[in-house]
Amino acid sequence: MRASQVHYTSCRSGQSGSPGFQIRAASDGLTPEELREVERIGAYRVPRNLDPAASAEVIARDFPVIYRFHVLSTGRWAITRSTYTGRDYSGRVGNFFAHTLVPESGETPLWPIDYFEWAGWQTHLAPEADTAEAPAPLPKVALDEIPPAESFSFDELQAFLAERAGRAESLARMLRAALSAKQTSRAVVIRDSFVNGLFWSACLQKSLPLCHAGFMTFSCYQHEGRDCEIVNVSVGQTAFAFSETERRFQFFVFDFEADQHSDVPEDGTEYAAALVDWLTKEPKKVVAFHEYMGLLKQRAVAPGSAHAVQLFRLFLGEPLRDPGHTLLPLVTFWAGYAAPDPTGRLCRVLAGATVAAWPNLQAETGHGAFALLLKSAEGVAEKEHRALVVEAWIGLFDAAVKGDIELAGVQRVRAAIDEAMKHYSAALAARFLEPDHLRRLAEWFPRASEGGQLAVISEVLNSRVASGAGPLWHRSEEASFLLSAAASAKCLQPLAERLLAPLQHEPSELSTVSLTMAGDLASRHPSPEEAQVSLGRALAPLLAQAPEGIAQLVREQLDRAGHFGVLRGEWLHRLASAREKKRVVQEFRAGVLPQVPRFAANEESWILETFLRELHPDEAARESLELLAGRELERLSRTLVTYCVTALNQSLSLDARDADSERRARLIVEAERLHGIAIQPDRAMLRALMRGALPQDTSALIGHLEKIPDRDYEAFLNAYFLHALGRVTDSQKHGAILRAVLVPRRLARFTGAYIAWVARASKDQRLSPLAAAVLYCLTETSGAAIGQADPQHGRNLRESLVLGLIQGRPPLELLEKQVLATNADERTAQEWTLLRRAITKRGVSLLTRVKGWVGQ
Amino acid sequence: MFGRRSLLSGSRICPYCFEPFGLRSAPFRCSSPPSVCAPERDEVRDRVWRDSRPLGRVFEPRHSFVRSQRCPHCRHEAFKRLCPHCHQDIPPGLLDCDSYIFAVIGAKESGKSHYIAVLVQQLRNSVGPALKMSLEGLDEETIRRYRETFYEPVYKRKTTIGATRSALSDNAVQMPLLYSLTFEGKKRLGRRRIEKSVALIFFDTAGEDLNSSDVMATVNKYIYRSDGIILLLDPLQLDFVRDQMGNSAALPMQNTETADILTRTTDLIRKGRRLSMQDMISTPLAIAFSKFDAVDQLVAPHFQIAHSAQHRGGFDRADFDAVGSEMESLISRWHGEGLLQQVRTRFQNHAFFGLTALGCAPLEDNRIPRVVPRRVEDPFLWLLYHHGLIRAIS
């Protein structure tokens, strides 16, 4: 890299053609405008406290040198070293010699301050060279050959800062001031010795990376406030007043002579604090920071960017503080300035940070960060960047499978990846399907949630499609992974559906896959039966769509292998998805079961039962009737028959006049007999009792009457009392019948039925059963036996008897005779007397009342 | 009178950028303390003068005749007016009274800076009192700059003034020296009063900046705006004089031909004022031979020019005529007919002078043994007289 040179001084002969101040000589390659600007930046004004006519020794000792870095209006850098020389060729004082370098490429390979010690700086025009002859053009300088100034190495700057307490703090404030100089229009003015001024300038400039050096222009000796650089050093007495106005409003003054400094805004605090900290403690970090900046589109980054520092810290391996707030801005920053980097170092760091912070991030933040990572990866079009983003996503996916983070966000990211990296999906898929990754997934799979397991299967299958792989089961790693996954799946059906869905287009594999999976599930799944059913459910749609031959083959193989669970699953799926249940069962029985004889033999009853269970009770009863009537009872299972009987029984009416019910009751009774089935309530049995067709075994009633509806209970009692109580003349048996049929919670209906029977028996003058009833009431502790659970019930029974007798108006004398004839003890006689009196009294009273009502 | 800035006309020439402006368009700058009204960057000033430091806020006048106006931010009354083109502060003196721009030009080493240094001092201490007029700096910058750049080297350190830098490299050189010249008079009853006050604007120029028409057009625009030009010539630059001097004096290096500078000046004025080649320039031109003490030996001792002038009570017209005749004869004798003809042809109003600012040659170490000026005021007084600012006395 080369630089043009310009010499400016007052001389006899130069480029103007006349003696005086002028460009003495220059290299090619500079425009007239640039030359004019170069003239300006090297102009030297003597400090007011120094005598312009001072001797050469004094000048060399006391006069500051202008070492200035300026960015020309064309954007090229200019480094000027201007030295006061005293007298010119004419003997007049005020002359100076300004030597300027302007790099051809616009910028220098070193920080401008690093050229300060260049041996090629010319400080004066030798008198013997100052002739009337026009000087030759200056050669260009090879900047690459110039070593950096040793005085301003980072170690030297560290030593400078350590030399006096407070310098580091001052530098931090200066840096903040310099960073805000353009915004505030307040240049930094440092009043210190010339040497210190050089070091301050060096510290400030090297606080920024070389790419930002153009921001930190400086003048190591500046005489006045006009035409200032960002950093200016005032040496000796200059036109700067260092007044309060200058200090507070016009410049950022750092007056080390008067120890008075400007207040500095807080902008850039983080950057300044970090850089100064590194500069004072670990200069190598500053070097590393500058190298790291090479990983960004450096020019676009704002000088002093806090994000640049934060990202660098992350780059160094420091943990990200408060990632919920800092991560997204950081990724945004990088996405905006990401430069192509074959190693993708920053991308790796940020992707890693995103994955690590994901559990603590809000969904939008995490997704936003990933979207930016993607954008930048696509923007820089680096393969490695893309791979890192994919790697990061896989990391997230794995974490979601393990249950560390939510799956939904991860899947959203996946969608974004698909959108952004359309042309990269094959590579992504290949990465996902790498055996190592599948092995890891297999480890976590059993513990994953149902959603996680489904996501894994979907991702594997999608990845296979994206990778352009052949038929699923041709790749043993994936096949074994999927089988293994299926064997430990928590919710197998959807998983199996996804697994088998690709086979829709590969029916030839259906048999193998189904058989393999069924076998695997049978041997490895914790709930093999259930798992096989799930598999069958998933398989059903495929079998329905597959050519009949293939479906048959699949079923036959499953049947032969005894994987009935799968076939059950298929049936359940067909049953659940059919609107006409009866039709589907007919089809299944007629079309499928013949293909699977072993299954049919074992499971036909279960199929019918599941079918019946799907129906409305009335419909189920009808179907049950058909089954029972079809005389298939022998080859159907007891379970199914029980179900049929139960279904039929439920629909059985207790109305004795219902002839159809009577036919069904007979079927029930036959089935019960054939299969030894006992059901409760056995409505067929109740019907038989009601019509007196069965022996009056009261024990057979236990438990049945509780389960029938109130209406049926009442109907039963009315019919049953006629047959049962009407035949009993023994008070003990009378009581046993009452106890057998009494359902305490239905006492009112019981009482009503009993009154009705007493009244009916009274009218019919069936004195023996009535006497048994009276004796039961009189002798059994006033009916307490029947109401042992509640004495009130006993009293109710007696009352019921009285009311029945009043209503039926039996011949009381004959009844008394019958009662006393049966039991003639004194106590019975006394009780009867009381009972009769009560009947008479209440009967008269009632009669009188009735007559009165009639009379009215 | 050409070039005179009249209050009646309402138009002004900015002494910094030389652009004309009307008072109605001159913005105000808030002069409240910065703590009351925060300064801000003045974009115009930054662009024109590369001065980006925050200054008092700028705001436009409400109407033409306003003399002061409240700052819209702090509500304090502001009086400071600015050139609308370059935003330099215009001192009130320039707005309140007529102003005259005087340019001091000449080749490198012709003694322009020394001439200004001594002229100002002479006007203050000697000529001013004699003519009952007072010269005062109009702004702080003028006072400071005169003191630092002109007065201290010559009168305090007794050393020559350093070479003036080109305005291209140092725009501070481009800044004018602004003075007010106040004339004392008497009322009818004898009481003293200020008869008149005018603003004077002086420009010092680096000789290098007169070496090229382009540079002159860039940084010396004031020349064609000026109300009077004092062209200094070093007689030791004339070949005939150099020959005549032989080894009796240390001759300076020959610089730009004076004729060339005059040509460029003529062109600049012609173009600036849009004059045709047939038009003569009305700007009064005073051609003054500086360092005249160095050629005393070539001047007859009885010549009036060899002696100091006595301007008491007014401009000594007789002396002026005599000196003019003497100078023209000397120039003619020194083979300067071409210069004479060039001036006569181009300039309607011109006069020749001979003067010395220091009165002696500086020593080798640039020390000035003594400051004994002679006739430095002559060209200036002629210009004042030409503009009717002072009377002639016989």
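**A chat about chains A and B**

Colleague: Which residue forms a salt bridge with A:Arg191?

Modeller: A:Glu257 does, with the closest N and O atoms 3.8 Å apart; a salt bridge here is a side-chain nitrogen of Lys or Arg within 4 Å of a carboxyl oxygen of Asp or Glu. A:Glu257 sits in the loop between β10 (251-255) and β11 (260-261) of chain A and A:Arg191 in strand β7 (residues 187-191) of chain A, so the pair ties together parts that are 66 residues apart in sequence. Helices (H or I, at least four residues) and strands (E, at least two) are DSSP runs, numbered from the N terminus.

Colleague: What should I know about the model itself?

Modeller: This is a predicted model, in which local features need pLDDT of at least 70 and side-chain atom pairs count only at pLDDT 80 or more, while totals for chains, interfaces and linings use all residues. Residues are numbered from 1 along each chain as its sequence is written, chains are lettered from A and ligands numbered from 1 in the order in which they are written, and side-chain values use heavy atoms, with hydrogens and water left out.

Colleague: How many salt bridges are there over all chains, and how many between chain A and chain B?

Modeller: The count over all chains is 76, and between chain A and chain B it is four. In one salt bridge, the side chain of B:Asp170 meets that of A:Arg45 at 3.9 Å, N to O.

Colleague: How much do the two chains bury between them?

Modeller: Chain A and chain B bury about 3,300 Å², with 50% of it on carbon and sulfur atoms; buried area is the accessible area (1.4 Å probe) that two parts lose on being put together, summed over both. In residues, 39 of chain A are in contact with 42 of chain B, where contact means heavy atoms within 4.5 Å. Eight residue pairs across this interface are in polar contact, both residues being at pLDDT 80 or more; that term stands for a pair of N or O atoms within 3.5 Å, where within protein one must be able to donate a hydrogen and the other to accept it, and residues adjacent in sequence count only if both atoms are side-chain atoms.

Colleague: Which element gives the largest share of chain A's side?

Modeller: That is α7(A), with four residues. By class, the side of chain A that touches chain B has 12 nonpolar, 11 polar and 16 charged residues, with Ala, Val, Leu, Ile, Met, Phe, Trp, Tyr, Cys and Pro counted as nonpolar, Asp, Glu, Lys and Arg as charged, and the others, Gly among them, as polar.

Colleague: New topic: how many cavities are there of 30 Å³ or more?

Modeller: There are six. On a 1 Å grid over the protein atoms alone, a cavity is a set of points where a 1.4 Å probe fits but cannot get out, and lining residues have an atom within 4 Å of a point. Grid points are joined across faces, edges and corners, and a volume is the space filled by probe spheres set on the points.

Colleague: What lines the largest cavity?

Modeller: It has a volume of about 620 Å³ and is lined by 32 residues, with A:Arg45, A:Val46, B:Glu148, B:Thr149 and B:Arg165 nearest its centre. Helix α4 (residues 140-156) of chain B gives the most to this lining, with eight residues.

Colleague: Where is the cis peptide bond?

Modeller: A:Gln680 and A:Pro681 are joined by a cis peptide bond, with omega about -15 degrees, and A:Pro681 is in the loop between α29 (659-675) and α30 (683-690) of chain A.

Methods
On a 1 Å grid over the protein atoms alone, a cavity is a set of points where a 1.4 Å probe fits but cannot get out, and a pocket is an open set with protein on both sides within 12 Å along at least five of seven lines; lining residues have an atom within 4 Å of a point.
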